[in-house]
Amino acid sequence: MAELKAWQRTVTCGALRAENAGEEVTVAGWAETIRDHGGVTFIDLRDRTGVVQIVVDLSRNETSEAAHAEAQKIRAEYCISVRGRVVQRIAGAENPHLPTGSIEVEAREIIVHNAARPLPFQLNEDTVTNNEEMRIKYRYLDLRRPAMYRKMWLRHEVVRRVRSYFYKNDFLEIETPMLTKSSPEGARDYLVPYRLEPGLFYALPQAPQQYKQLLMVSGIERYFQIAKCFRDESQRADRQPEFTQIDLEMSFVTQDDILNMVEGLMIEVVDGLAEETGKTILHKPFPRIPYDEAMARYGSDKPDIRFGLELTDCGAILENTQFAVFQNVLKSGGLVKAIRYPGGASLPRSGMDELVNLSREFGAKGFAYFLVDDGGAVTRGPVAKFLSDEEKAAIVTASEAQPGDLVGFIADTKEMTNKVLDRLRRLIGDRLGLIDKSKLAYCWITDFPVFAKDEETGGWTFEHNPFALPQEGHLEWIDSDPARMRAYCYDMVCNGYEAASGAVRIHKPEVQVAIFKKMGLTDEQIEARFGHMLDAFAFGAPPHAGMAPGLDRMVMLLTDDENIREVIAFPKMGGGYDPLMDAPATVEQKQLDELGLRIIEKEPEKKQVI
RNA sequence: GGAGGAGUAGCUCAGUCGGUUAGAGCGCCGCCCUGUCACGGCGGAGGUCGCGGGUUCGAGCCCCGUCUUCUCCGCCA
């Protein structure tokens, strides 16, 4: 340990400047590059604060023979310490690209703490072009890149500011269990077998939802937690099997109180880091858009409002249209909606065909369109001849289409029309460069429906979550018109991502039971799954509401990444595989025996005989 | 579960119409080099073209199957 102490660094690499010239220092870090000129050797030494140039020069400096010999051995990513003097670089040898570029450290002594094998990939290469499995398998190396360190630092800084905000606002930070109970709704659970009674299982929490509501019953009043959540569902670029939520809940508050509290949080954190991230918030206060309006204007409940290109519902205009395709869709309760493609009239034929093909790929039956001529009239495009002049003029006006624009139509079921136009809208916005990447366009989507039709069973399921409080008076419609019911339920959306989700909760047992029953649960099922919640509500549960912004996506937006794995220290790959730890993995037979588990081998897939 | 892209040297990639010994850059190894900072120069090693089968005189390239991976759809209270 004496040696370790003797070689302890006195200063960080990135901190050295011209005014440090003459100082005796010890620096420590990793050799980033080595440039050996025979007589003189330069080593770029990197620690987390930056890079400083080490000069090993036997003839001119105080470099010891031993140090010179040691320097010959050093290769990329060796971990070393260097003792020496900070000196001004000789004239003309300064490096203006380096903050420490005006000085260098003349090495008197060097110690190699640890050699490094040749690396599986080079750290100075662009991270995104590297094989991701390799990056994750050797994540400890990948994280040595300054760009990755910066992401970890930024994430830390977000968390620090989140905590500071909630402490300031009198929230209590409380942890909730990781070993809990499976709830059959929602996502697939990760299960943990219970040793003492084989056949019983814990589940890892999909969210601390029930616990935080119980904390409100406990009178905590203001709770938050940086909470790990687990969902065994298919992966996406913005999803991981385990992820982190900024979970909060408050008692005796209204929906507005929660929205304002979270909006304040986002503004404080994002604005506070604006200098670091280059990201600014586009709209303050965040626009509040009711769900129905969001679906009408954008075809999505998570619209990217960094750009316009809002959709136009042509139902009223085409009420008496002679065009059979549109007529039939409207008669059968579907939607005909239009989107303008600015300048789209000058697309090559192949570009227009592509829109048709994409629409089909997205699930629509087709993509009809017409082109707006220079004079504003509509004479070209496949549907131009099927629509009357009045209809075309009204659509041009309603969609605010300009001469030279293409106006496209999707006519399908309500769901399909919106889904396809949402994707086309984002595609066109991206292609035309309408998106300002430096902006974070937050908005609130409010007034979600309570129920959604379950396509599989034909029954009713919850649109958002089963604990959301129906709005005042809406419970009356639970039998007559459940689709009409709206909840005090809200999402925070940013740049087309769902950034947070929450609701005013039901705190009366009888209301909760009514909702569960509408979802088709029997008394027995309700008791078994949610008996503890209903019990708790029966002991003076306060009105309460909450929300849960996703931390990973938030950081991802701040670092300008399109992949959540970039901002997670040790992420998993698709399928939940972790190549670093090689998890999941088999366990000892003894462990299985203890748990009373027997593995049933997967049946081999039926091979096709040629 | 489905669709599409990718898989060639340690890494990033090229490889034409199916044709001789599969290439480049970086990295690695050796030698040289006193002011570089993507140092430079000379030389060298390094390949189960993901895997299995097929077509063919001949397959990195064509066909079938399969695995891995990325993106998307389904899924994600």
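**View 1. A base of RNA strand B meets the backbone at Ala 93.** In this predicted model, a polar backbone atom of Ala 93 lies 2.4 Å from a base nitrogen of RNA strand B. Asp 36 also takes part: one of its polar backbone atoms is 2.6 Å from a base nitrogen of the RNA strand.

A note on conventions comes next. Residues are numbered from 1 along each chain as its sequence is written, while chains are lettered from A and ligands numbered from 1 in the order in which they are written. In this predicted model local features need pLDDT of at least 70, side-chain atom pairs count only at pLDDT 80 or more, totals for chains, interfaces and linings use all residues, and side-chain values use heavy atoms, leaving out hydrogens and water.

**View 2. The protein surface around RNA strand B.** How many residues surround RNA strand B? There are 49, and the closest are Ser 59, Gln 122, Ser 234, Phe 462 and His 464. A residue counts as near the strand if one of its heavy atoms lies within 4 Å of it. Of the RNA atoms that come within 4 Å of the protein, 56% belong to sugar and phosphate. The surface near the RNA has 13 nonpolar, 18 polar and 18 charged residues. Here Ala, Val, Leu, Ile, Met, Phe, Trp, Tyr, Cys and Pro are nonpolar; Asp, Glu, Lys and Arg are charged; the others, Gly among them, are polar. Strands E1 (24-36), E2 (40-47) and E3 (50-57) and helix H3 (132-137) each supply at least two residues of this surface. Helices (H or I, at least four residues) and strands (E, at least two) are DSSP runs, numbered from the N terminus.

View 3. Chain A is assigned domain 1 (2-114), domain 2 (131-306 + 489-502 + 542-610) and domain 3 (307-435). These bounds come from an automatic or database domain assignment. The C-alpha centres of domains 2 and 3 are 37 Å apart. Nine residues of domain 2 are in contact with 10 residues of domain 3, where contact means heavy atoms within 4.5 Å. Together the two domains bury about 900 Å², with 45% of it on carbon and sulfur atoms. Arg 297, Tyr 298 and Arg 306 supply 52% of the area that domain 2 buries against domain 3, more than any other three residues. Buried area is the accessible area (1.4 Å probe) that two parts lose on being put together, summed over both.

View 4. What joins Arg 297 and Glu 310? Their side chains meet in a salt bridge, 2.9 Å from N to O.

View 5. The side chains of Arg 160 and Glu 157 meet at 2.4 Å, N to O. These residues are three apart in helix H5 (residues 146-168), so about one helical turn separates them.

**View 6. The loop between H17 and H18.** Pro 584 sits in the loop between helix H17 (551-559) and helix H18 (589-595). A cis peptide bond, with omega about 0°, joins Ala 583 to Pro 584. Asp 582 is in this loop too, and its phi is positive, near 60°.

Methods. A salt bridge is a side-chain nitrogen of Lys or Arg within 4 Å of a carboxyl oxygen of Asp or Glu. A polar contact is a pair of N or O atoms within 3.5 Å; within protein, one must be able to donate a hydrogen and the other to accept it, and residues adjacent in sequence count only if both atoms are side-chain atoms.
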